[in-house]
Amino acid sequence: MKRFNTAVVCSPEKHYMVDISEKADRILEQYIRPGYYFAINRGRQYGKTTMLSMLARKLRDSFYCLRISFEGGEEMFDSNYAFVVGIKDLIERQLELEHVPADLIGKWGRQIDTEGSLRKLGDRITELCRDSDIVLMIDEVDRASDNQMMLRFLGLLRDKYIRREEGRDDTFHSVILVGVYDVKNLKLKIRPEETHRYNSPWNVAVDFEEDLSFSSEEIAGMLADYETDYHTGMDIRVISRLIYEYTSGYPVLVSGICQRLEKNVVGMKAFTGRTEAWTAEGVAEAVKIIEHTKTPLFEDMIKQISDYPQLNDVLRRILFEGESIPFNAYDDALNLAKMFDYIKCENGRVAVSNRIFEVVLYDYFLSEYRTDNATNRDAELNKSQFIKDGRLDMESLLCKFAEHYTYVYSDNDQRFIEKYARKIFLMYLKPVINGTGNYYIEAQTRDEKRTDIIVDYLGKQYLIETKIWYGPKYNEDGEKQLCGYLEQLNLDKGYLLTFSFLKNKKPGVQETAVDGKILWEITV
């Protein structure tokens, strides 16, 4: 039987996977056959290596495909000569696997002396490609992208490409560089003292515009394959759409939810079999497991946030301050976040790329304030009051939060509260639902004035809108918007948590009916 896979490369024969063959066909026809050089840059575990594997299969009928990787090749960068010999050896092994004629392998494999080694490597490439159509793929290229020898090698390929276009040289038909860092943005990775040496060694490359994320329909195709084997009775359309809503099609997260459903959720007390697990509740449980599991993807995210303070700052502004930031490709912080696939661009504005990333980032940033934090301590101490007969009593939680807020934060200035109000509430909410429930922020409604927080707790959803008081008209509009969103979620009751700075404000709780929905309004 096949299985779901989140480790490195997926194989159609072994794994349930989204069918990427049409995307591979488009890449082949639009980029490789025309002889373009290009780079596939996407975030960690974005399906890049799986796509290379699929392309290599499709190329075999028309090209020799030399697929090399810089993974684990650190010794190559000890010297210029070591690098050239390393490249020669990597390509030689691939030539043998591709069953290239023995005489060509023999010519390529000749020893390269230490003098003029890079130039002689270029001569060797010309000789190899004179009568053969060869595609070179370099995976994990960014592991070497801060190495000046690598830049010279790319410069060599660039110069040979230009001469080929002028009819003065022979070289690889197409070159594909694969990694997280865009080679055009090497100045972001080269050590500061060397940035003055930066120039684009890859300015002959065309922009790669194929979308490697998965659509809801593509996810449904994978689930249909699984359903053929296991007959769970799942509603494939509903489950695929739900998985997409959590992941925005980020490949490893899509496979991760399915893998957790199969390995961890099936057999739980509430999900005794596959029929019970492959439901909306089962998906939510799988997402919760992923968000609370230490993974290479999340570890790398936290590392990048630590390494790049400007990246840390822009993500905080998006998450906690609701700042509407226009995307600017020349802004280093936004460029980094986009390159790592931590953000996406929607209608010219940036947002965190998917719900799972958003919750992981919220949890990470909030964790910095948990130690000796009065808000967390108060929530922990009163947690038992909010859980009644296994259900979350949201009314009790909000009332207790209002008491805590009044006692601890009422003397803070308006600017502080406007900036951190949502963070304060999330710091109170998180320890109450931690381990049992989950939450996410609805990106469609979040701005600097209001945020909708959706809480999932043991199969029941709660919608809480947090907002700053900007007058009765704005409040009335907010109530109507909340009712519309409650209708979308098929909920009858919603909660409004309003932070007001009026001197004559009336803190307290009020229950009202608006457009057939019950609104519980808490003003602090």
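Before my first residue I need a term: a helix here is a DSSP run of H or I at least four residues long, and helices are numbered from the N terminus. With that settled, I looked up Thr126 and found it in helix α5, which covers residues 117–129. I also note that this is a predicted model.

**Entry: Thr126**

Buried or exposed, I wondered about Thr126? Its relative accessible area is 12%, and buried means under 20%, so I put Thr126 down as buried. Next I asked which residues Thr126 is in contact with, leaving aside its neighbours within four places in sequence. I got Lys160, Asp169 and Asp170. Side chains came next. Thr126 has a polar contact of 2.4 Å with the side chain of Lys160. Its side chain also makes a polar contact with that of Asp169, at 2.9 Å.

**Entry: the whole chain**

I stepped back for an overview. I found 19 helices and 16 strands in the chain. Along the principal axes, the C-alpha atoms fill a box of roughly 85 × 55 × 40 Å. Of the 524 residues, 55% are buried. I then checked contacts with a separation of 6 or more, and 68% of them are between residues 24 or more positions apart.

**Entry: Asp225**

I went on to Asp225, which sits in helix α7, residues 216–230. Its relative accessibility is 27%, so I count Asp225 as partly exposed. What does Asp225 touch, not counting residues up to four places away in sequence? I wrote down Lys2 and Tyr16. With Lys2 there is also a polar contact between the side chains, at 3.1 Å. I checked Val18 as well: Asp225 and Val18 are 207 residues apart in sequence, yet their C-alpha atoms are 9.4 Å apart in space.

**Entry: Ser11**

Ser11 is in a loop, the one between β1 (3–4) and β2 (15–16). The side chain of Ser11 makes a polar contact of 2.7 Å with the side chain of Glu13. Setting aside residues up to four places away in sequence, Ser11 touches Met17 and Arg57.

**Entry: α1 against α2**

Time for helix pairs. A reminder to myself: two packed helices are described by the angle between their axes and the distance between the axes. I started with α1 (residues 21–32) and α2 (residues 48–59), whose axes come within 10 Å and cross at roughly 65°. Angles from 65 to 115 degrees count as roughly perpendicular, so that is how I describe α1 relative to α2. The crossing of α1 and α2 is right-handed. Which residues meet there? From α1 I listed Ser21, Lys23, Ala24, Asp25, Ile27, Leu28 and Ile32, and from α2 Met51, Met54, Leu55, Lys58 and Leu59. By class, the residues of this contact are eight nonpolar, one polar and three charged.

**Entry: α12 against α15**

I noted a right-handed crossing for α12 and α15. On the α12 side the contact is made by Leu297, Phe298, Met301, Ile302, Ile305 and Ser306. On the α15 side I wrote down Ile356, Phe357, Val360, Leu361, Tyr364 and Phe365. This contact has eleven nonpolar residues, one polar and no charged ones.

**Entry: positive phi values**

Last, I looked up two backbone angles. Asp341 has phi near 65°, a positive value in a residue other than glycine. Asp341 is in the loop between α14 (332–339) and β7 (343–346). At 12% relative accessibility, Asp341 counts as buried. Asp515 has a positive phi too, near 50°, and it is likewise a residue other than glycine. I found Asp515 in the loop between β15 (508–514) and β16 (517–523). Was Asp515 buried or exposed? With 56% relative accessibility, it counts as exposed.

Definitions and conventions: Residues numbered from 1 in each chain as written. Predicted model: local features only at pLDDT ≥ 70, side-chain atom pairs only at ≥ 80, totals over all residues. Heavy atoms only, no water. Buried < 20%, exposed > 50% of the residue type's maximum accessible area, 1.4 Å probe, protein only. Contact = heavy atoms within 4.5 Å. Polar contact = N/O pair within 3.5 Å; in protein donor to acceptor, adjacent residues only side chain to side chain. Axes fitted to C-alpha atoms, helices over the stretch in contact; angles between N-to-C directions. Parallel < 35°, antiparallel > 145°, perpendicular 65-115°, else oblique. Left-handed = near helix turned anticlockwise from the far one by under 90°. Nonpolar A, V, L, I, M, F, W, Y, C, P; charged D, E, K, R; others polar.
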